[in-house]
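Please examine the sequence and the model shown here before reading the briefing that follows.

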Amino acid sequence: MVKKRLAALREGFSLAGIDGFLITRPENRRYMTGFTGSSGVALVSGDRAYFITDFRYVEQATNQAPEFHIVKHGLKMTDTIREVAEEAGIGRLGFEKDVVTYKQHEAFSSALAGIELIPTEGMVEALRKVKDEHEIEAIRQAEAIGDAAFSHVLDIMRPGMTEIDVALEIEWFMRKNGAEGIGFEVIVASGERGAMPHGVASSKKLAEGELVVMDFGAVYQGYRGDMTRTVSLGKASPMQRKLYNIVLRAQEAALEGIRPGKTGKEIDAIARKVIEDAGYGENFGHGLGHGVGLAVHEEPRLSVTGMEELVCGMVVTVEPGIYVPGFAGVRIEDLVVVSESGIRNITSSPKELIEL
Ligand code: ZN
Ligand code: ZN
């Protein structure tokens, strides 16, 4: 797996005008090396691969990154990077321009005198967009933990609990059932707070008659799940039900429209049209979805700017929403794998309006 990824990365070298590449983004480092620790950089040349880390991680890196020469650095990692780059005969070293800070760049520039530093963008991210079967399986497991957490929280949610109580129940359940962690802060937004698309759980108490938006995801083997469900506490009002059904129709239409060859923009437009035709275009102010993998938000984007064509093996969310300030919000989010026939939906929680 790592061998294949290294070969694919090297294929991009000539187009980028580089003969070596320095990997610093944690997700890229993990993807390219297999190393799950939190410190170190990978340096890949045309025919060699090094992993440079400090003494705390040498043993772990030796075990997890067998395709890489493990090099322990001393006080100044940049000096070790120079030694290794010189040994590998690198003259033009690519770095991740959206990750390396100004300060790091200064340090690299002074330590790597004689080696040209070339800014690059998206070299590993481009490989990460299309998932292999192991990655899809890890994402499926993460999402299954989320589905189980949703089912659990439905049993205990009631008016009087705070949003934080609900979020902690979700988090606790996921951790207790195999999640390594949470992919992002659990969103629980009830009543008027639901109109904030990213309303992280607050101390507000849930009340009868409110819609509650819950958005969360587990981490499993480094991979993220991501799902949103909106439920009603008590019987939904006609207006709440109306908004819910528009969002559901928009989501179902978009799910049906996904197939290889379509662009993210085209899929976004399907959902957007349903919501616009119902008179709520102004209330759907975010993109329809995003790629999910080692990061919770990655390429490709399903949005008005998503020009990229979908291909089999991409894993994306489909999450239309309607947000009415002062009233409520509704969002429904599934995670799907793009497949030959369209999609494989890996979120299995029910989508009819649940009234608790
Ligand atoms: Zn989400
Ligand atoms: Zn999402």
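Glu 27 counts as partly exposed, with a relative accessibility of 25%; buried means under 20% relative accessible area, exposed means over 50%, and partly exposed lies in between (1.4 Å probe, protein chains only). This is a predicted model: local features need pLDDT of at least 70, side-chain atom pairs count only at pLDDT 80 or more, and totals for chains, interfaces and linings use all residues. Residues are numbered from 1 along each chain as its sequence is written, chains are lettered from A and ligands numbered from 1 in the order in which they are written, and side-chain values use heavy atoms, with hydrogens and water left out.

**Surroundings of Glu 27**

- Glu 27 is found in helix 3 (residues 26-33); helices (H or I, at least four residues) and strands (E, at least two) are DSSP runs, numbered from the N terminus.
- Leaving aside residues up to four places away in sequence, Glu 27 touches Arg 128, Leu 294 and Ala 295, where contact means heavy atoms within 4.5 Å.
- From C-alpha to C-alpha, Glu 27 and Val 153 are 30 Å apart in space, and they are 126 residues apart in sequence.

**Zinc ion (ligand 1)**

- The protein donors of the zinc ion (ligand 1) are Asp 215 (OD), Asp 215 (OD), Asp 226 (OD) and Glu 333 (OE), at 2.0 to 2.6 Å from it.
- Donors are N, O and S atoms within 2.8 Å of the metal (3.2 Å for Na, K and Ca); water is not among the atoms, so sites may look incomplete.
- The four donor atoms around the zinc ion (ligand 1) subtend angles of 55 to 151 degrees, which makes the arrangement irregular.
- Four donors count as tetrahedral if all angles lie between 85 and 135 degrees; four count as square planar and six as octahedral if opposite donors are over 155 degrees apart and all others between 65 and 115; anything else is irregular.
- The spacing of the donor residues of the zinc ion (ligand 1) in sequence is D-x10-D-x106-E.
- Asp 215 in strand 9 (residues 211-216) and Asp 226 in the loop between strand 11 (223-224) and strand 12 (227-232) form a pair that links distant parts of the chain, 11 residues apart.
- Asp 215 counts as buried, at 3% relative accessibility.

**Zinc ion (ligand 2)**

- Asp 226 (OD), His 290 (NE2), Glu 319 (OE) and Glu 333 (OE) coordinate the zinc ion (ligand 2) at 2.1 to 2.2 Å.
- The arrangement around the zinc ion (ligand 2) is irregular because its four donor atoms subtend angles of 76 to 149 degrees.
- In sequence, the donor residues of the zinc ion (ligand 2) follow the spacing D-x63-H-x28-E-x13-E.
- His 290 lies in strand 13 (residues 289-291) and Glu 333 in the loop between strand 17 (328-331) and strand 18 (334-339), so the pair ties together parts that are 43 residues apart in sequence.
- Both His 290 and Glu 333 are buried.

**Asp 226 between the two zinc ions**

- Asp 226 bridges the zinc ion (ligand 1) and the zinc ion (ligand 2), which lie 3.1 Å apart.
- Asp 226 counts as buried, at 3% relative accessibility.
- Although buried, Asp 226 has no salt bridge; the nearest side chain of opposite charge, Arg 331, is 7.2 Å away.
- For charge, Lys and Arg count as positive and Asp and Glu as negative; His and the chain ends are not counted.
- The side chains of Asp 226 and His 290 make a polar contact at 3.1 Å.
- A polar contact is a pair of N or O atoms within 3.5 Å; within protein, one must be able to donate a hydrogen and the other to accept it, and residues adjacent in sequence count only if both atoms are side-chain atoms.

**Salt bridges**

- The structure holds 23 salt bridges, each being a side-chain nitrogen of Lys or Arg within 4 Å of a carboxyl oxygen of Asp or Glu.
- Glu 87 forms one of them with Arg 48, the closest N and O atoms being 3.4 Å apart.
- This pair links distant parts of the chain, with Glu 87 in helix 5 (residues 77-87) and Arg 48 in the loop between strand 2 (41-45) and strand 3 (49-53), 39 residues apart.
- Lys 129 and Glu 308 meet through their side chains in a salt bridge (2.9 Å, N to O).
- Lys 129 counts as buried at 15% relative accessibility, whereas Glu 308 counts as partly exposed at 28%.
- A salt bridge also joins the side chains of Lys 131 and Glu 298 (2.6 Å, N to O), and both residues are buried.
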